[in-house]
Amino acid sequence: MTARSTRALERTLAACDGATADSIDPVLLAKMEDAMRRVPRRQREIFLAVRLDNHRYPEIAERTGLTVAQVERLFADGLANFLRNLDQPRRHWWRRWLR
């Protein structure tokens, strides 16, 4: 995960709990980083642009060459994937064969 994303997650966690950046739970941060890493690249970029950089959908659409509806859909899909990844720990495909 990029340094920008990591810093943004730390700021978000600190703002939610009213805590300082030093008191953030490293386990939760690692879990969020892993969940965000597993979101597809384009969805992740749009999600981070909306949530962390406070860009508007039309602005992102203009920069990327997408329509506003496509940007909205990619943001919604990115959010859904991020939340799903938080709930489901990473499973390795080869573990299914060892059972």
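**Helix pairings and packing in a predicted all-residue model**

D77 and R73 lie four residues apart in helix α5 (residues 68–87), so about one helical turn separates them. Helices here are DSSP runs of H or I with at least four residues, strands are runs of E with at least two, and both are numbered from the N terminus. The model is predicted: local features need pLDDT of at least 70, side-chain atom pairs count only at pLDDT 80 or more, and totals for chains, interfaces and linings use all residues. Residues are numbered from 1 along each chain as its sequence is written, and side-chain values use heavy atoms, with hydrogens and water left out.

D77 and R73 form a salt bridge, with 3.1 Å between the closest N and O atoms. The term covers a side-chain nitrogen of Lys or Arg within 4 Å of a carboxyl oxygen of Asp or Glu. Side chains of opposite charge can pair when their charged atoms come close. D77 is partly exposed, at 23% relative accessible area. R73 is exposed, at 54%. Buried residues fall under 20% relative accessible area, exposed ones over 50%, and partly exposed ones in between (1.4 Å probe, protein chains only).

The whole structure holds five salt bridges. One of them joins the side chains of R41 and E45, at 3.1 Å from N to O. Both residues belong to helix α3 (residues 41–51). They sit four residues apart, about one turn of the helix. R41 is exposed, with a relative accessible area of 52%. E45 is partly exposed, with 43%.

E59 is partly exposed at 30% relative accessibility. R63 is exposed at 62%.

The overall fold is helical. The chain has six helices and zero strands, and its pattern along the sequence is α-α-α-α-α-α. It has 99 residues, of which 32% are buried. Contacts mean heavy atoms within 4.5 Å. Among contacts between residues at least 6 apart in sequence, 56% join residues at least 24 apart. The accessible surface of the chain is about 7,100 Å². Carbon and sulfur atoms account for 52% of that surface. These areas come from the Shrake-Rupley method with a 1.4 Å probe; for residues, only the protein chains shown count as cover.

Helix α2 (residues 26–37) has twelve residues. From first C-alpha to last, α2 reaches 16 Å, close to the 16 Å expected at 1.5 Å a residue. The expected span is 1.5 Å times one less than the number of residues. The buried residues of α2 are L29, M32, E33, A35 and M36. These residues lie on the same side of α2, because they cover an arc of only 165° around its axis. The arc is taken over the directions from the helix axis to the C-beta atoms. The face turned away from this buried side carries the exposed residues P26 and V27.

M36 also gives a distance reference for helix α5. L79 and M36 are 43 residues apart in sequence, with their C-alpha atoms 9.4 Å apart in space. L79 lies in helix α5 and is partly exposed, at 24% relative accessibility. Residues up to four places away in sequence aside, L79 touches F47 and R51.

N81 is also placed in helix α5. This residue is buried, with a relative accessible area of 14%. The N81 side chain makes a polar contact with the side chain of Q43, at 2.5 Å. A polar contact pairs N or O atoms within 3.5 Å; within protein, one must be able to donate a hydrogen and the other to accept it, and residues adjacent in sequence count only if both atoms are side-chain atoms. Beyond its neighbours within four places in sequence, N81 is in contact with V39, P40 and Q43.

N54 has a phi near 55°, a positive value in a residue other than glycine. Most residues other than glycine have a negative phi. N54 sits in the loop between α3 and α4. N54 is exposed, with a relative accessible area of 58%.
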